[in-house]
Each structure stands twice: as C-alpha cells, then as structure tokens.
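Q: Please take one part of this model and go through it closely. I would like to know what it is built from and where its pieces sit in the chain.

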Amino acid sequence: MNKVEMSQIERIPKVELHVHLEGTLGIDRIRSLAQQAGQYPPKPFEELFQFSSLAEFLATLDWMFSLIRTEEQVREIARDFAVYARTQNLIYVEVTVNPSHWHLSFDTLFLTLQDEFDKACTKGGPDIRILPSIARSDSMQSAMELVQWCIGSQLPRIVGLSIDGDERLGSFNGRFAPAFALALEHGIPGTAHAGESSSASGVTEALSLLGVKRIDHGVRAIERSDLVTRLASQDVTLNICVSSNCSLLYPGIDHHPLKLLMESGVPCTLNTDDPAVMGISLNEELQKVSNYFGFDEAQIIKFQLTAIDAAFCQNSTQLELRERLHAGVSPANLAVLQ
Ligand SMILES: [Zn+2]
C-alpha cells in the first residue's frame, strides 16, 4: 500500500466542520494571556494539555478562558486561527465557539469574531463560519438566550447551532429541545456532540429530540446496528476526530470504528476537534488517519466533498466550494468529483 505524502494532502483544498476555537490556543498564546492577567497556571504550562478525562480538559479550558478580558485578545485568537487555517489550505471552516467558557458578552465575542473572520476572508483566507455552542451544563434559559441572540443578530457568519460538553452526568437533550426547535424555525440548523462521552443512545436522543442532521463524534453509534442503519439511510453526517477519540475514548487507533461506519454507508468527515490541545494539525491528522486505514488521495478528496455536502452555508456557497475543490485537485483525481 502506498502511503499518502504530506505534499499531496497539503495540496487538497479542505473543509473542516468540527473544530473548537477554544482548542486552538497554543501554549505561547496562553502564557501571554496569563502574564497579562497576572495569573499562574493550575499546572506547569508544558503539562497544561495533559489530562486524563474530558472533565479535567474542560476545567483547563475554564481556567484558560478566565484569562481573556478584552476585545483585542479575542481579535488575536481569531487572527491566529485564520492564519492556522490558511496554512492547512482550508477553504471553509465551521468553528464551534462556546460562550460559556468566555467571560464576555455575546456582542463582544461574536461581533468581534465576525469582524476578524470577515477581514481574513477578504484577504483571501478561508471562509470561517461560526457555530455558537450550548454547554451541556447550561440551563434551558441560557440556551434560549443564546439562540435568541443569534436570531436577533443575524450575523452572516453564524450558520448553525451546536451543543458540546461532558455528557457523563447526563445529556439533558429534553432541556435543550426548545432551543434547537426555535433555532431551526429561524433557519439555523443544529449539530450536536453525542456518542463520545454519551453512548449510542446519546446519538439517538440528539437526532430525535434536537432534530439535528449532523453529529459531532457519534462514533459510539457503532454499538447499535439499527442506529448505524438509521444514520446511513437518513444521511446523517458524523464529524469524526480520530486523534481526539484516541485521547479520550479509545485505547488506540486500532479500536476506532471509522472504517466500519464508512463501510456501513454513514457519511463521515475528518476533523481535529482541538488541534492545539491534541498537538496535531488537520493535515497531520489526515495523513495519520489515511496511512493507518489505507485511504488514498482520492478518499481524502471524498471526505472534503462529504464535508461540503454537510456544511450549513447556503447552496451557492457549497457550489463555489465544490468548484474550488475541483480546481485544486490533480487531474488524476478529477473522476472522484464526478
Ligand atoms: Zn468537539
């Protein structure tokens, strides 16, 4: 089997649908924020991203984001992410942003991100859209406030609603169903983290109670064959992050069900989740996963097509993205796009 070279992966125009802005801050940026805030880290900086559970990781995020006090700091984080995305040859990203981590108003956070991502796009960078995210620990009222703010603001870069966080204490999908229903009524589709810290039933609930058409992770769906059949028949896309799953869920990549899900006809995309925390860029993730599972360059291109099909942007934007993908692949792989 020929391994896919990094140069081949770098060349492919890419789309990522499952990446958290909160997981893109490198240690240097965090060190600088801590110095500005006069705060010491809960453990040495070099060990900040070493954790044994999702709960410990989320507690680290809470500390990191307590350091952010100003609009300019949000701008720096947005610019860092846009630069990183460009280095990965990403042409379109939907970035998850969970305001419960940030000690800032919705206005300051989302209007600033909108502005910086507009500037990056104008300069030829990737088209970065925003998925405001509810935390599983949020109240129904704060979830509704977020959705109402999204509806009222009509920010063009807000294209969907997300929910994330630790489901080990419960998924509480019933609590958040009205927020997702309200968002959908106003043309804002939903995606939900499920089937990672929750079991297959978390995925079933997210589909039934939240009405989502995409699932972030969703890998534990493999534990129920009827659910796998449902995902495939209803074209529910799983936004999968193999390295992240191997850090928090599976003992190794040989336990990961990506290929089984694909062989069952479930649409899957490949993503990083938290690239700085995982210490892996999107291109590195694609190379690692492809070489382990034996995916060739054509298959990596197919993952991008699946991501474009599942993207929450307008149909006209999806069409443009397909054209950009078409223009960016080598002639030998054009047949994949037919
Ligand atoms: Zn995630």
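A: Donors are N, O and S atoms within 2.8 Å of the metal (3.2 Å for Na, K and Ca); water is not among the atoms, so sites may look incomplete. The model is predicted, so local features need pLDDT of at least 70 and side-chain atom pairs count only at pLDDT 80 or more, while totals for chains, interfaces and linings use all residues. Residues are numbered from 1 along each chain as its sequence is written, and side-chain values use heavy atoms, with hydrogens and water left out.

The donor residues of the zinc ion follow the spacing H-x1-H-x172-H-x79-D. H18 lies in strand β1 (residues 14-20) and H193 in strand β5 (residues 190-194), so this pair ties together parts 175 residues apart in sequence; strands are DSSP runs of E, at least two residues long, numbered from the N terminus.

The zinc ion is coordinated through NE2 of H18, H20 and H193 and through OD of D273, at 2.0 to 2.2 Å. Angles among the 4 donor atoms run from 80 to 172°, and the site is irregular.

H18 counts as buried because its relative accessibility is 0%. H193 is also buried, with a relative accessible area of 6%; buried means under 20%, using a 1.4 Å probe and protein chains only.

Key. Four donors count as tetrahedral if all angles lie between 85 and 135 degrees; four count as square planar and six as octahedral if opposite donors are over 155 degrees apart and all others between 65 and 115; anything else is irregular. Helices (H or I, at least four residues) and strands (E, at least two) are DSSP runs, numbered from the N terminus. Buried means under 20% relative accessible area, exposed over 50%, partly exposed in between (1.4 Å probe, protein chains only).
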